[in-house]
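I wanted a quick pass over the ligand shell and a couple of helices. These are my notes as I went.

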Amino acid sequence: MRVLITGGAGFIGSHIADRLMARDDDILVIDNYATGRRDNLAPGGNLKLIEGTIANADLVDQAFEEFRPDVVVHAAASYKDPEAWVEDVQTNIAGTVNITRASQRVRVNRLIYFQTALCYGITPIEQPITLNHPIRPEGSSYAYSKTVGEQYIAMTDLDYISFRLANAYGPRNMSGPLPTFYHRLTNGKPCFVMDTRRDFIYVDDMIEVVVKAIDGDGERGAYHISSGRDFAIKELFDATLSALDIQLDEEVEVRPRSPDDTYTILLDPSKTKQDFGWETSTPLEVGVERAIDYYRQYGISETYSHLRGAKEPETAEV
Ligand SMILES: NC(=O)c1ccc[n+]([C@@H]2O[C@H](COP(=O)([O-])OP(=O)(O)OC[C@H]3O[C@@H](n4cnc5c(N)ncnc54)[C@H](O)[C@@H]3O)[C@@H](O)[C@H]2O)c1
């Protein structure tokens, strides 16, 4: 199969590329390395990489014309600077429109998108959040632009799947609380956790369902990727401590959440489980250990968050 992956040098995109390369699919990645890492992917063999932006329609059109993908996995997104609205619009809206139009032109079999759970707003009106929850992004350039991107795709006749998710974690993850905990704990800095719960999904579990979608399972529309349970941020912190074999003198400080923060984000995965015959299998402690092994080996040069003023992204989700 010929699969074009945007954002393939990033966390999720590179795991998908690895999985597909291992079964000898032909892969073309487009990435501008805004948040991706060069050591995530090594071009060669059945993997080609174009360094450039999906906001460039000519670059996108030429890549599609030459590669003629069967399936497109659109994982590129802009989010690292909450004030970079123009960049968010150029990548998440114009870039997504470029990818969508090119997918129509060369008649791809399927387009796969990743949507943030922030499309349901900062304080969702139900838990777990079902696919019927109103779409109402608020207060975030990332959430607005990703939602518009999803809506452009839905406006076409393409066979598309939009996977909506909250917090993916694992090796190569550079956003959200885990890399921050690791970075602070290994540099002897104090940590605190919020008294909130979030929907953490281990990257390999997530990739299982994405590969099934690449192979044609599932029907046109949106799906949730979630284990079906939420975790206290403190559980994630404790798993990080234990993976690092650190014993603190006193328990970590648990801070009350702000009034506009939600107690939990939990996505209802029942349709995904049913249509894809899919279950998650990686316990939090195991996934955290694997992520920590990766951080130890490759280091963390930078962590990213779409949240304003968040260089303490202990509660952040992409
Ligand atoms: N990680 C999560 O928890 C999470 C949650 C919800 C949704 N998502 C979505 O999943 C997708 C993948 O996220 P990720 O966690 O792997 O993030 P990531 O930052 O690791 O990957 C995004 C990739 O896109 C690339 N990119 C950014 N702008 C680009 C542009 N204009 N042209 C080409 N490439 C560009 C980056 O360099 C990076 O390699 C994104 O669409 C994101 O919105 C992720």
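I started with the classes in the shell around the ligand: 15 residues are nonpolar, 14 polar and 2 charged. I kept in mind that this is a predicted model.

Next I looked up who sits there. The ligand has 31 residues around it, with Gly7, Gly10, Gly36, Ala77 and Phe114 the closest. Two or more shell residues come from each of helix 1 (11-22), strand 2 (26-31), helix 3, strand 5 and strand 7 (167-169). Helix 1 gives the largest share, 3 residues.

Then I went to helix 3, residues 85-105. I checked its length: at 1.5 Å a residue, 21 residues should span 30 Å, and the end C-alpha atoms are 29 Å apart, so that agrees. I did find a kink of about 30°, centred on Gly95. Gly95 is also among the buried residues of this helix, as are Asp88, Asn92 and Asn98. What do the buried residues of helix 3 pack against? I got strand 1 (2-6), helix 2 (57-67), strand 4 (71-74), strand 5 (110-116) and helix 4 (141-154). Just past the end of helix 3, Arg107 has a positive phi of about 55°.

Last stop was helix 6, residues 203-214. Its 12 residues should span 16 Å at 1.5 Å each, and I found the end C-alpha atoms 16 Å apart, which agrees. I listed Val203, Met206, Ile207, Val209, Val210, Ala213 and Ile214 as buried. They cover an arc of only 165° around the axis, so they lie on the same side of helix 6. Just after helix 6, I noted a positive phi of about 110° at Gly216.

Notes: Residues are numbered from 1 along each chain as its sequence is written. This is a predicted model: local features need pLDDT of at least 70, side-chain atom pairs count only at pLDDT 80 or more; totals for chains, interfaces and linings use all residues. Helices (H or I, at least four residues) and strands (E, at least two) are DSSP runs, numbered from the N terminus. The expected span of a helix is 1.5 Å times one less than its number of residues. The bend at a residue is the angle between axes fitted to the seven residues ending there and the seven starting there. A residue is buried if 20 or more other C-beta atoms lie within 10 Å of its own, exposed if 12 or fewer, and partly exposed in between; C-beta atoms are placed from the backbone. Two residues are in contact if their C-beta atoms, placed from the backbone, lie within 7 Å. A residue is near a molecule or strand if its C-beta atom, placed from the backbone, lies within 6 Å of it. Ala, Val, Leu, Ile, Met, Phe, Trp, Tyr, Cys and Pro count as nonpolar, Asp, Glu, Lys and Arg as charged, and the others, Gly among them, as polar. The arc is that of the directions from the helix axis to the C-beta atoms.
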